[in-house]
Amino acid sequence: MKNIMARKREFDKDAVLEKAMLVFWEQGYEGTSIRTLKEAMGISSSSLYETFGDKRSIFLAALARFCKLEHDQAAQMAQEVTSATQFIETLFASAETVLPTRSTYGSMAFNTMVEFGMRDKDVTELLFAHYLDIAGIISDILAKGQKAGTITAQEDPTDLAYLILSSIQGFITINGMKPDFADIHAFKQVVIRLLNS
């Protein structure tokens, strides 16, 4: 009996969670069933509930994983760029490519915000913390640019970060509805002009 209780999990929890994340990312919370999750994750019902809990618990864990992916991507880009303007251009260019194979689904974080609104406190808190986290990365880069004299110092870098992040969300929305929209790049162009003013 002790040997059975001590038996190690026969699957990689992170790998299985990523499979769940991809399902929620594509289908949304309401559009995803436990059966679909179980099939995608490739584990038994007992393992699913014992390891992750119910559907909502799996979703929160998957959403947190996606937010970490977005954070890590933004942080990596911040390390690689040579200027604040280049960073903002890169953010717009990669707004939907946290995982390139899922770029047509947009941002899972943004999609969740649209689907849930404010009806789930835990989801709202997770998404708002994520928003502030990404805004903080942007703000730090902008502050460095202001100190170097390469972008405008007339506005607070945190205020600019909020504006840029909201513009990127608008960009994702329009691009999702109409990818061939002729003025889609106006979002980025106006922000860049503002930074260079």
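In this predicted model, the charged end of Arg119 sits over the ring of Phe116, 4.4 Å from the ring centre. For a charge to sit over a ring, NZ of Lys or CZ of Arg has to be within 6 Å of the ring centre and within 35 degrees of the ring normal. Lys55 likewise lies over the face of Tyr29, at 4.3 Å from the ring centre. Residues are numbered from 1 along each chain as its sequence is written. Because the model is predicted, local features need pLDDT of at least 70 and side-chain atom pairs count only at pLDDT 80 or more, while totals for chains, interfaces and linings use all residues; side-chain values use heavy atoms, with hydrogens and water left out.

Phe116 also turns up in a ring cluster with Phe24, Tyr29 and Phe59. Rings of Phe, Tyr and Trp (its six-membered ring) pair if their centres lie within 6.5 Å; planes under 30 degrees apart count as stacked, over 60 as edge-to-face and the rest as tilted. Phe59 and Phe116 are stacked, 5.4 Å centre to centre with 20 degrees between the planes. Phe59 belongs to helix 5 and Phe116 to helix 7 (residues 108-116), so this pair ties together parts 57 residues apart in sequence.

Phe171 counts as buried because its relative accessibility is 10%, whereas Phe187, at 25%, counts as partly exposed.

Key. Helices (H or I, at least four residues) and strands (E, at least two) are DSSP runs, numbered from the N terminus. Buried means under 20% relative accessible area, exposed over 50%, partly exposed in between (1.4 Å probe, protein chains only).
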